[in-house]
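Student: Please take a close look at the surroundings of the ligand. What lines it, and what contacts does it make?

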Amino acid sequence: MKNDPRSHGLWERSAPPAPPTSRLSDDLEADVAVIGAGFTGLSAALHLAEAGASVAVLEGVEIGFGGSGRNVGLVNAGMWVMPDDLPGELGEVYGNRLLHLLGDAPSLVFELVEKHAMACEVERSGTLHCAVGAKGLAEVHERARQWQARGAPVRLLDAEETARKVGTNAYSGSLLDLRAGTIQPLAYARGLAVAASKAGAQIFTASPVLDAQEVDSRWMVRTSAGSVQAKWVIVATNAYTTNVWPQIRAELVHLPYFNLATKPLGDNLRTAILPERQGVWDTKDILSSFRFDQKGRLVFGSVGALRGPGRTIHPNWGRRALRKLFPQLAGIEFEYEWYGSIGMTSNNLPRFHRLARNVVSFSGYNGRGIAPGTVFGRTLARFVLGELAEDDLPLPVTEPEPVRLRAVKEAYYEVGAQIVHAAMTRF
Ligand SMILES: Cc1cc2nc3c(=O)[nH]c(=O)nc-3n(C[C@H](O)[C@H](O)[C@H](O)COP(=O)(O)OP(=O)(O)OC[C@H]3O[C@@H](n4cnc5c(N)ncnc54)[C@H](O)[C@@H]3O)c2cc1C
C-alpha cells in the first residue's frame, strides 16, 4: 500500500483483491458514519448494515491500512492481562463480562469467515503460548490454571509435548489454547469489507475525515471532497488515528512490531515445524511470534520497526533466532519484511469512549485486535441500534487520558528493541 513493501508485506501480496471502492466525492446522508476500515469499523458496518441501518464507512487510505492489514494473524482469546486480573482492574461486573466476551471472541471471527465464505487462510488448530525458562513456565502454568478454573479449553503442555508440536526443544512448556487459531489478516479485513458491502454498507477509501461537527442534532463528517451527514458516528481509527478525535491516539503508546516471511519451505521442513499449524508466541519481554501462511512460508516476528538501523538489525537477528530455533533454517532468506504500530494502553486493557453525543469508539487493543476488534465492532453496532444499553457494554465509559512522555516511551521501545536484538547473539 502506498507503494511501501514494508507496510503490509506478504499479506498484501497474497490477499484476494479488496472490493471496488471509490473516494467520497458527494454529500451523503446515512444513519451511521464509521471512520476507519479495520476490523472494528468493518465489523460495525457489517452488523449495522445487516440490521437494516444505512452506513457509510470512510477510510483515510485503504481497507486494512492500519493494524488490521499488518499483524501476525494470531486470532487469540482474551487479553495479555492474566484472566484473574481483569475483575481486579475493571470491577467484578465489567471484568467478568469482558473476559467472557473476549474468551469467546475467536468463535465470532471463525463464524463470520464461514458465513461469508471469506478466503483468508483460516487455521483452527489453536495457538501455543511457549514458555522460555522457569519464569516463562510459571507464567503459562498460572495462565492455564486461571483459564481452566473458568472452564476454558486450554491445555498445559510439558517441554516434550511442546517440542513435538513446535519442532524445537527451545521451550520449557506451553499453553495450547484451542479457542484460537490463525488467519491472513488483510484477507480477513477485505472479506469483512466484501460482506459489509453486500449487506448494503457504502465504503469509501482514500477519504480521510478532516472534520466532524454537530449541526442540528446530526453529525456532519467531512472529507476534502464530500461529506456524510449521520445521526451516529463510530470512530474506529484506533492506533492509526489521524485528524479527528486525536485524543484516541494521544492515549496510546505505539509499540513497533515487525514480521519476516521466509520463502515457501519444502515438505520435510513443513512437517518438522509446527506440523499441526498452531500460531506461536513466547513469554519473553521482547517476545517473538511465528506461524505458517497457506503456501508454507514461516512468518516470524518480534518487537521493532524496520526503519533506520532497525532495517538491518532486526532481519539479521531474525536469521540468527530462526537458526537457533530450527537449525535446518540456517541461511534462510526472507521474501517479505513489514512492520506496524501496536497501540498500548497504560493498563494493557482496551477503552470504550463516548467522544461526544452519539460519537462512540473502542480502542487500545494492546496487540490483541483481531477477535476483540470484531466483537467490539459488533458491540458498537448493537449499541447504536439500541439493542445494548451503556450499562450492558463490556467496558465502562472512560475519558481518554493522554499518556505522559508518549514520544519518549515510543522512542524507547524502538531503540530498545534495536539494542536488544543487536546484542542478542544467543536466542
Ligand atoms: C505488527 C502488528 C502485529 C499484531 N499482531 C496481532 C495478532 O497477531 N493478533 C491480534 O489479535 N492482534 C494483533 N495486532 C493488533 C491488531 O492488528 C489491531 O489491534 C487491530 O487491527 C485494530 O483494528 P482496528 O480496526 O481497531 O484499527 P486499524 O486496523 O488500525 O484501523 C484504523 C483505520 O482507521 C483509518 N483512519 C485513521 N484516521 C482516519 C481518518 N481521520 N479518516 C479516515 N480513516 C482514518 C486508518 O487508515 C486505519 O485503516 C497486531 C498489530 C500490529 C501492528
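Tutor: The element that contributes most to the shell around the ligand is β16, with three residues; strands (E, at least two residues) and helices (H or I, at least four) are DSSP runs numbered from the N terminus. This is a predicted model, in which local features need pLDDT of at least 70, side-chain atom pairs count only at pLDDT 80 or more, and totals for chains, interfaces and linings use all residues. Residues are numbered from 1 along each chain as its sequence is written, and side-chain values use heavy atoms, with hydrogens and water left out.

The ligand is surrounded by 36 residues, the closest being Thr-40, Glu-59, Ser-68, Leu-74 and Thr-242; a residue is near the ligand if one of its heavy atoms lies within 4 Å of it. By class, this shell comprises 15 nonpolar, 18 polar and three charged residues, where Ala, Val, Leu, Ile, Met, Phe, Trp, Tyr, Cys and Pro count as nonpolar, Asp, Glu, Lys and Arg as charged, and the others, Gly among them, as polar.

A polar backbone atom of Leu-74 is 2.8 Å from a ligand nitrogen, and one of Gly-73 is 3.3 Å from a ligand oxygen. At Val-209, a backbone N or O atom lies 2.9 Å from a nitrogen of the ligand. Of the 1,000 Å² of accessible area that the ligand has on its own, the protein covers 96%, by the Shrake-Rupley method with a 1.4 Å probe. Two or more residues of the shell come from each of α2 (39–50) and β16 (334–344).

Methods:
A polar contact is a pair of N or O atoms within 3.5 Å; within protein, one must be able to donate a hydrogen and the other to accept it, and residues adjacent in sequence count only if both atoms are side-chain atoms.
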